[in-house]
Amino acid sequence: MIIHELKIDGFGKHCNLNINFSENINILLGSNESGKSTVVSFIRALLYGMPEIEICNDRKKYRPWDKTAKYGGEMTFERNGVLYKVSAEFGT
């Protein structure tokens, strides 16, 4: 799978964030608490969903810090030469 682009409307500390990836190796680099793990959690949430119950606390943990932002976003990726776009709005 090759991820081409992420658009995060609101997820944790990220709001209106667009990331374009190259086809080769991509590295998320930043200081502590800059949101690197949040980007990875966003990708996981898009692919596998957010838990419906509060046992995991992920749904609460990743609510947008900016209360006006839509909780979700989209990802464009390629697999076996086919281009896909997945999007989600996680709600409250």
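Author: Let us start with the counting rule, under which Lys and Arg are positive and Asp and Glu are negative, while His and the chain ends are left out. Each charge is placed at NZ of Lys, CZ of Arg, CG of Asp or CD of Glu. Please keep in mind throughout that this is a predicted model.

Reader: Okay, and how far apart are the mean positions of the positive and negative charges?

Author: The chain carries 12 positive and 11 negative charges, and their mean positions lie 5 Å apart.

Reader: Now the fold, please: which pattern does the chain follow along the sequence?

Author: There are two helices and four strands in the chain, and reading along the sequence gives the order β-β-α-α-β-β.

Reader: What radius of gyration does the chain have, and what would a compact globule have?

Author: The chain has 13 Å, which agrees with the value near 12 Å that a compact globule of 92 residues would have. The C-alpha trace spans about 35 × 30 × 25 Å along its principal axes, and 34% of the 92 residues count as buried.

Reader: Let me jump to β3 and β4. How do they run, and how many bridges join them?

Author: Strand β3, residues 72-79, runs antiparallel to β4, and eight bridges join the two. Together they form a hairpin with two residues between the strands, and in that turn N80 has a positive phi of about 55°. Within the pairing, M75 of the chain stands opposite V86 in β4.

Reader: Is β4 largely in the open or buried, and why?

Author: Strand β4, residues 82-89, lies largely in the open, because the number of buried residues among its eight is zero.

Reader: And T76, is that one buried or exposed?

Author: T76, which has its place in strand β3, is buried, because its relative accessible area of 13% is under the 20% cut-off. Leaving aside neighbours within four places in sequence, T76 is in contact with I2, I3, H4 and E5, and also with L83, Y84 and K85.

Notes. Residues are numbered from 1 along each chain as its sequence is written. This is a predicted model: local features need pLDDT of at least 70, side-chain atom pairs count only at pLDDT 80 or more; totals for chains, interfaces and linings use all residues. Side-chain values use heavy atoms; hydrogens and water are left out. Buried means under 20% relative accessible area, exposed over 50%, partly exposed in between (1.4 Å probe, protein chains only). Two strands pair if DSSP finds at least two bridges between them. The radius of gyration is taken over C-alpha atoms; the globule rule is 2.2 Å times the number of residues to the power 0.38. Contact means heavy atoms within 4.5 Å.
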